[in-house]
Amino acid sequence: MYQLNIFEKKLMKFIVSSSTLYKELQTLGGVINSTNTIPILDNFLFEVDNNKLKISSSDLESTMTSEIDIESQSTDKIAISAKLLIDILKTFSDQPLTFIKTDNNTIEISASNGKYSLAFLDGDEFPKQIEILDANETKIRGIELGDAINSTIFASGNDDLRPIMSGVFFQFNSESLKFVATDAHKLVKFETSDYSSKEISEFIMPKKPLQILKGILQTYDSEITIQHNDSNAKFIFGKSSITCRLIDGKFPNYEAVIPKDNPNVLTIDRELFLNSVRRVSIFSNKTTNQIKLKIAGSLLNISAEDFDYSNKADENLECEYSGDDIQIGFNSKFLYEMLNNLDSESITLSMSHPNRAGIIRPVDEKSSKIKSITMLVMPVMLND
């Protein structure tokens, strides 16, 4: 730790590592909107309590907090401009920075080769973090939750008229944890039986805090605590947390739209299929993004045509197939997204009729006992 003189109790003064502070602020800054109607939300809240600094950011819907170690003997709180602070911190090499609150409503930052002063606002003006009362609590490994979010969030919608489809549905019970997202054209269900919940509960998480969590949890191998009630949820990881308002409403009965009888099953190398879809889709109509799959025996033909510009393409791939010969159309953008968000070597595409949804699943025998991913993609009418 850095050498510290005896500080006056009433004066906020602390020493912190520039790189440690910058790393935390980069993550916390993800909560802050580019435009805010309330000026205080353009700031980070700094709360110093002796050798601990608690930093918060908020957009009113979501609040994120993190705690780091500092050198201090003071207790105070102020709000500091997020943009100014991040802009100055990213220019420093790793070094101790001294923050001192002055009498003229500025915070002075002393570095190895200069001093910088910026205005602050009263910390009491910053929105209070929501308390989760009467909460249900569930624990899950960080990487596993990150995997669940990454596998589903891309399938959520962006329609403001249907807010319940703009997030991810969390469904917990004593047997498993399920995570579901849909935009009515595609649907993804991620289920893990490696974790469970004492209470049966379900809620819809908004997209923004999940995007922040997704980035954090890619390498977070410790346990996450999820607390929630009817209106709010809190994710606690290490010395950090995200609290957010839930999306109000009832999620669609997704199980009812997943076809159960799909006798026509295609098994194929995922990357081979993915690259073929990507190439052929370049020649598809830019409005419909339609590609056609024609499967007969062990041959898969993938084709696309844009009649307006006389562009067309088709490719043949070897595959394993059981079922009747079939021709079915899909939106190539949706099909590509699904294949790209899986990491298995092979996948199955199960179908029944050209006008019913196709079901994509990864072929991964090792993980199938503890987790499963089901992806549903709606077909499009062929232009024949």
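A salt bridge is taken here as a side-chain nitrogen of Lys or Arg within 4 Å of a carboxyl oxygen of Asp or Glu. By this criterion, a search of the whole structure, which is a predicted model, returned 16 salt bridges. Side chains of opposite charge can pair when their charged atoms come close.

One of the salt bridges joins the side chains of Glu-337 and Lys-186, with an N to O distance of 3.5 Å. The two residues belong to distant parts of the chain, 151 residues apart: Glu-337 is in helix 6, whereas Lys-186 is in strand 13, which spans residues 186–192. Lys-186 has a relative accessible area of 4% and is therefore buried, the limit for that class being under 20%.

Strand 13 also contributes Lys-189, whose partner Glu-255 lies in the loop between strand 17 (240–245) and strand 18 (264–269). Lys-189 counts as buried because its relative accessibility is 10%. Glu-255, in contrast, is partly exposed, as its relative accessible area is 28%.

A further salt bridge connects the side chains of Glu-315 and Arg-279, here at 2.7 Å, N to O. Glu-315 is part of strand 21 (residues 311–318) and Arg-279 is part of helix 5 (residues 270–281), so that distant parts of the chain, 36 residues apart, are linked. With a relative accessibility of 19%, Glu-315 is classed as buried, since the class holds values under 20%. Arg-279 is partly exposed at 43%.

Asp-269, Glu-271, Asp-343, Glu-345 and Asp-364 together form a negative surface patch, and patch residues are by definition without a salt bridge. Among them, Glu-345 is located in the loop between helix 6 (332–340) and strand 24 (346–351). Glu-345 is exposed because its relative accessible area is 67%, and the exposed class begins over 50%.

In Ala-184 the angle is about 80 degrees. Ala-184 occurs in the loop between strand 12 (177–182) and strand 13, and a relative accessible area of 38% makes Ala-184 partly exposed. In Asn-289 the positive phi is about 55 degrees. Asn-289 is likewise a loop residue, placed between helix 5 and strand 19 (290–296).

A polar contact between side chains was found for Ser-240 and Ser-66, at a distance of 2.9 Å. Ser-240 is in strand 17 and is buried, with a relative accessible area of 12%.

Key:
Residues are numbered from 1 along each chain as its sequence is written. This is a predicted model: local features need pLDDT of at least 70, side-chain atom pairs count only at pLDDT 80 or more; totals for chains, interfaces and linings use all residues. Side-chain values use heavy atoms; hydrogens and water are left out. Patches are made of residues with over 30% relative accessible area and no salt bridge: like charges are joined within 9 Å, nonpolar side chains (Val, Leu, Ile, Met, Phe, Trp, Tyr) within 5 Å. Accessible areas come from the Shrake-Rupley method with a 1.4 Å probe; for residues, only the protein chains shown count as cover. Lys and Arg count as positive and Asp and Glu as negative; His and the chain ends are not counted. The place of a charge is taken as NZ of Lys, CZ of Arg, CG of Asp or CD of Glu. Helices (H or I, at least four residues) and strands (E, at least two) are DSSP runs, numbered from the N terminus. Buried means under 20% relative accessible area, exposed over 50%, partly exposed in between (1.4 Å probe, protein chains only). A polar contact is a pair of N or O atoms within 3.5 Å; within protein, one must be able to donate a hydrogen and the other to accept it, and residues adjacent in sequence count only if both atoms are side-chain atoms.
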